Amino acid sequence: MLTDKQVREKLVNQGVRSLSDAELLSILLQKGEAGGSALELAERLLEAYGHNLVRMAIDGPGKLRSVAQLGIARAALVSAALEIGRRGRAAENSMRDQIM
């Protein structure tokens, strides 16, 4: 398993698209829980949601806090990042519809 630092280096050296969902989440989370890495926390969070980012986005920060014992700041950060992704996808779909 990669360390948190190795995940960041992978992003810089290989590009953001080379990262798994867990690796991307670990960058947002920045640190794990007592003795654990951010990547381990991200993997547990994804498992709790069946690796379904849409479900995670729908649940929002309140549910994220209870599912993964995240503080309000990290739960809000993850929720905001998922919403940015959703809006980006919506804008992409809108542009595609205008072209067709």
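**Exercise 1. Determine the handedness of the crossing of α4 and α5, and characterise their packing.**

Solution. The model is predicted: local features need pLDDT of at least 70, side-chain atom pairs count only at pLDDT 80 or more, and totals for chains, interfaces and linings use all residues. Residues are numbered from 1 along each chain as its sequence is written, and side-chain values use heavy atoms, with hydrogens and water left out.

Step 1. The axes of α4 and α5 come within 9 Å and cross at roughly 155°. Axes are lines fitted to C-alpha atoms, for helices over the stretch in contact, and angles run from 0 to 180 degrees between N-to-C directions. Helices themselves are DSSP runs (H or I, at least four residues), numbered from the N terminus.

Step 2. The two helices are therefore roughly antiparallel, a class for angles over 145 degrees; under 35 counts as roughly parallel, 65 to 115 as roughly perpendicular and the rest as oblique.

Step 3. Contact (heavy atoms within 4.5 Å) joins Leu53, Met56, Ala57, Gly60, Pro61, Leu64 and Arg65 of α4 to Ile72, Ala75, Ala76, Val78, Ser79 and Leu82 of α5. By class, this contact has 10 nonpolar, 2 polar and 1 charged residues. Ala, Val, Leu, Ile, Met, Phe, Trp, Tyr, Cys and Pro count as nonpolar, Asp, Glu, Lys and Arg as charged, and the others, Gly among them, as polar.

**Exercise 2. Describe how α1 meets α2.**

Solution. Step 1. Their axes come within 10 Å and cross at roughly 110°; α1 and α2 are therefore roughly perpendicular.

Step 1. The crossing of α1 past α2 is left-handed.

Step 2. Val7, Arg8, Lys10 and Leu11 in α1 touch Glu23, Ser26 and Ile27 in α2. This contact comprises 3 nonpolar, 1 polar and 3 charged residues.

**Exercise 3. Locate the buried residues of α3, and state what covers them.**

Solution. Step 1. In α3 (residues 38-48), Ala38, Leu39, Leu41, Ala42, Leu45 and Leu46 are buried, that is, under 20% relative accessible area with a 1.4 Å probe, protein chains only.

Step 1. These residues lie on the same side of α3, because they cover an arc of only 160° around the axis, taken from the directions from the helix axis to the C-beta atoms.

Step 2. Their cover includes α1 (4-14), α2 (21-29), α4 (53-68) and α5 (72-99).

Key: Buried means under 20% relative accessible area, exposed over 50%, partly exposed in between (1.4 Å probe, protein chains only). A crossing is left-handed if the near helix is turned anticlockwise from the far one by less than a right angle, and right-handed if clockwise.
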